[in-house]
Amino acid sequence: MSISSRFSVAIHILCLLAINKDKVTNTSEYLAGSVNTNPVVIRKVMSMLKGAGLVHVRAGVAGAKLAKELSEITLLDVYKAVNVVAENDLFSSHEHPNPECIVGRNIQQSLTKQFSAAQKAMERSLEIVTLEDVVQDILQSDNV
């Protein structure tokens, strides 16, 4: 199982808002066309981004805008905004291993430590990348 696609969709939305900030009205229909999904999905993700203070949207008014500078928004901010996973819950262990087995009775506590460390490392990695970095990479890639 992979991390929810809400994370990549949210990054896509935020990058598009930044790149098109003065060019088009960023409606959910327009954003959905770029993401290639249903506008309802966009509105749900936008609601989460609004709740995290990353975008400005108003009910009944078409268009959305970034609430912060790109350099102030990290991938970790986006990751947390769209509730990808709960803290220390990125990896899960199988339930109900056999307590009569040495591995079965000890595997969950052993893996919990390792999985927690792995999640923390991933989150530290996301924390050092800003949306400005992602947008610059997108623009450079398009000019190649």
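This is a predicted model: local features need pLDDT of at least 70, side-chain atom pairs count only at pLDDT 80 or more; totals for chains, interfaces and linings use all residues.
Modeller: Helix α1 and helix α2 (residues 28–35) pack at an angle of about 120°, with their axes 10 Å apart.

Colleague: Is that crossing left-handed or right-handed?

Modeller: The crossing of α1 and α2 is right-handed.

Colleague: Which residues in α1 meet α2?

Modeller: V9, H12, I13, L16 and L17 do. In α2 they meet Y30, L31, S34 and V35. By class, this α1 contact with α2 has seven nonpolar residues, two polar and no charged.

Colleague: Next, α3. At what angle do α1 and α3 pack?

Modeller: About 80°. Helix α3 covers residues 39–51, and the two axes are 10 Å apart. So α1 and α3 are roughly perpendicular to each other.

Colleague: Which residues make the contact?

Modeller: From α1, R6, V9, A10, I13, L14 and L17. From α3, I42, V45, M46, M48 and L49. The classes for α1 with α3 are 10 nonpolar, no polar and one charged.

Colleague: And α6? At what angle do the axes of α1 and α6 cross?

Modeller: At roughly 70°. The axes of α1 (residues 6–19) and α6 (residues 131–142) come within 10 Å. That makes α1 roughly perpendicular to α6.

Colleague: Which residues meet there, in α1 and in α6?

Modeller: In α1, I11, L14, C15, A18 and I19. In α6, L131, V134, V135, I138 and L139. The contact of α1 with α6 has 10 nonpolar residues, no polar and no charged.

Colleague: Switching topic. What volume does the largest pocket have?

Modeller: About 380 Å³. Its lining has 18 residues, and the closest to the pocket centre are L17, K21, A64, K65 and L66.

Colleague: Let me recap L17. Which helices does it meet?

Modeller: L17 is in the α1 contact with α2. L17 is also in the contact with α3. And L17 is among the lining residues closest to the centre of the largest pocket.

Note on methods. Residues are numbered from 1 along each chain as its sequence is written. Side-chain values use heavy atoms; hydrogens and water are left out. Axes are lines fitted to C-alpha atoms, for helices over the stretch in contact, and angles run from 0 to 180 degrees between N-to-C directions. Helices (H or I, at least four residues) and strands (E, at least two) are DSSP runs, numbered from the N terminus. Angles under 35 degrees count as roughly parallel, over 145 as roughly antiparallel, 65 to 115 as roughly perpendicular and the rest as oblique. Contact means heavy atoms within 4.5 Å. Ala, Val, Leu, Ile, Met, Phe, Trp, Tyr, Cys and Pro count as nonpolar, Asp, Glu, Lys and Arg as charged, and the others, Gly among them, as polar. On a 1 Å grid over the protein atoms alone, a cavity is a set of points where a 1.4 Å probe fits but cannot get out, and a pocket is an open set with protein on both sides within 12 Å along at least five of seven lines; lining residues have an atom within 4 Å of a point. Grid points are joined across faces, edges and corners, and a volume is the space filled by probe spheres set on the points. A crossing is left-handed if the near helix is turned anticlockwise from the far one by less than a right angle, and right-handed if clockwise.
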